[in-house]
Amino acid sequence: MSSLEYRNKLFLPSIIGETKNDLDKIIQEIDAHYNEWVEQKIDKKTGQFKTYLDGTIKERVIRPSKTKLKLIQSKIKDRILSDIELPSNVHGGVKKKSNITNAKPHQGKKYVFTTDLKDFYPSIKSKKIHNTFIELGFNKQFAFYITKLTTWKGELPQGTPTSTHISNIIFLETDYKLIKICEENDITYTRYIDDLTFSSQKDFQDLIPIFLKIVQESGLKISRRKTNYEGNQNVTGINIFLNKIDAPEKIILKAKEEENSEKKIKPFGNYLNNIRKTNNQFNTRK
């Protein structure tokens, strides 16, 4: 049986161990299965609130699913979405990968280009999700259920178990287009959810408009404020240099504070160690 034939036989309710009637009921009452609140955005580098030019604080809408739907979404993630193969350059929402593994491949590169997708989750609409699963070979009933059970108010909500996985799948076509150009030009490309990073030992500034055009053709928006082309810089919260990667100064200071405290749990120290131990691994391989 071909992959397409197999996917056409898939029946989502049976895969996640739920009855069709129960799923239909949840879909009919979908508003009751989400919470919603507004969260002010904080700049990772400064720890201060992000603001528009007029001084207004930037906000994002958080829409986590509640217990029953959250459980169903977790099963969709574990039993369906996690089995869809992603390219190796994707690091967000992937087991054994992180913002650290996303930054590491760019260590030692002379030229680094970073950009960020604006309003990433809300920009991914229900119709796009439905069409993507049809294009991947899933049957219409399957595409209907997975779309209805992972979206709210016509878009991908921020704060659910499935949103990162869905966004990775939606971005697949764009990823492969970018990967092709990068492989042809000896450029390293990684993506951590909505953060895109490109690097090389040679100047590739002439390709940047092409990268941006490919992303925009997918229907997503670029955050111009977070678009930079320079040498050593911060990649997904990690400072990259010629011979190492390291945490920003504020993380290092907090790790030192923990070191001098009596706290049993030291998250900043553990995070710093996870970053710095990659430098030893990198040097050993070389």
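What is the volume of the largest pocket? In this predicted model, the largest pocket has a volume of about 1,600 Å³. Its lining is made up of 49 residues, and strand E6 supplies the largest share of them, seven residues.

**Largest pocket**

- Lys50, Asp116, Asp194, Asp195 and Lys226 are the lining residues that lie nearest the centre of the largest pocket.
- Two or more lining residues come from each of strand E2 (59–62), strand E3 (111–118), helix H6 (120–123), strand E5 (195–200), strand E6 (221–230), strand E7 (234–235) and helix H12 (249–259).
- By class, 20 of the lining residues are charged, 17 are nonpolar and twelve are polar.

**Helix H8 and Gln141**

- Helix H8 covers residues 140–150, and Gln141 is part of it.
- The N-terminal end of H8 is capped by Asn139, which has a side-chain oxygen 3.2 Å from the backbone nitrogen of Gln141.
- Gln141 has a relative accessible area of 34%, which lies between the 20% and 50% limits, so Gln141 counts as partly exposed.
- Beyond its neighbours within four places in sequence, Gln141 is in contact with Phe11 and Lys20.
- The C-alpha atoms of Gln141 and Leu10 are 9.0 Å apart, although 131 residues separate the two in sequence.
- Buried positions in H8 are Phe142, Ala143, Tyr145, Ile146, Thr147, Leu149 and Thr150.
- Those buried residues pack against helix H2 (12–15), helix H3 (20–28), helix H4 (67–79), helix H7 (126–135) and helix H9 (163–170).

**Helix H9**

- Helix H9 is largely enclosed by the rest of the structure, because eight of its eight residues are buried.
- The buried residues of H9 are Ser163, Thr164, His165, Ile166, Ser167, Asn168, Ile169 and Ile170.
- The cover over these residues includes H4, H6, H7, H8, helix H10 (172–184) and strand E4 (188–192).

**Sheet E7-E8-E9**

- Three strands form an open sheet in the order E7-E8-E9, with antiparallel pairing.
- E7 and strand E9 (245–246) are the edge strands, each pairing on one side only.
- Two bridges join E7 to strand E8 (residues 238–240) in the antiparallel sense.
- Asn234 has Asn239 in E8 as its bridge partner.
- Thr236 sits in the loop between E7 and E8.
- Thr236 counts as buried because its relative accessibility is 13%, and the limit for buried is under 20%.
- Apart from neighbours within four places in sequence, Thr236 is in contact with Asn99, Asn102, Ala103, Tyr192 and Asp195.
- Asp195, one of those contacts, is also one of the residues nearest the centre of the largest pocket.

**Strands E4 and E5**

- E4 and E5 run antiparallel and are joined by five bridges.
- Across this pairing, Thr190 stands opposite Thr197 in E5.
- The hairpin of E4 and E5 has two residues between the strands, and Ile193 takes a positive phi near 60° there.

Terms used: Residues numbered from 1 in each chain as written. Predicted model: local features only at pLDDT ≥ 70, side-chain atom pairs only at ≥ 80, totals over all residues. Heavy atoms only, no water. Helix = DSSP H or I, 4+ residues; strand = E, 2+ residues; numbered from the N terminus. Buried < 20%, exposed > 50% of the residue type's maximum accessible area, 1.4 Å probe, protein only. Contact = heavy atoms within 4.5 Å. Polar contact = N/O pair within 3.5 Å; in protein donor to acceptor, adjacent residues only side chain to side chain. 1 Å grid on protein atoms, 1.4 Å probe; cavity = no way out; pocket = protein on both sides within 12 Å on 5 of 7 lines; lining within 4 Å. Points joined across faces, edges and corners; volume = space filled by probe spheres on them. Nonpolar A, V, L, I, M, F, W, Y, C, P; charged D, E, K, R; others polar. Pairing = 2+ DSSP bridges.
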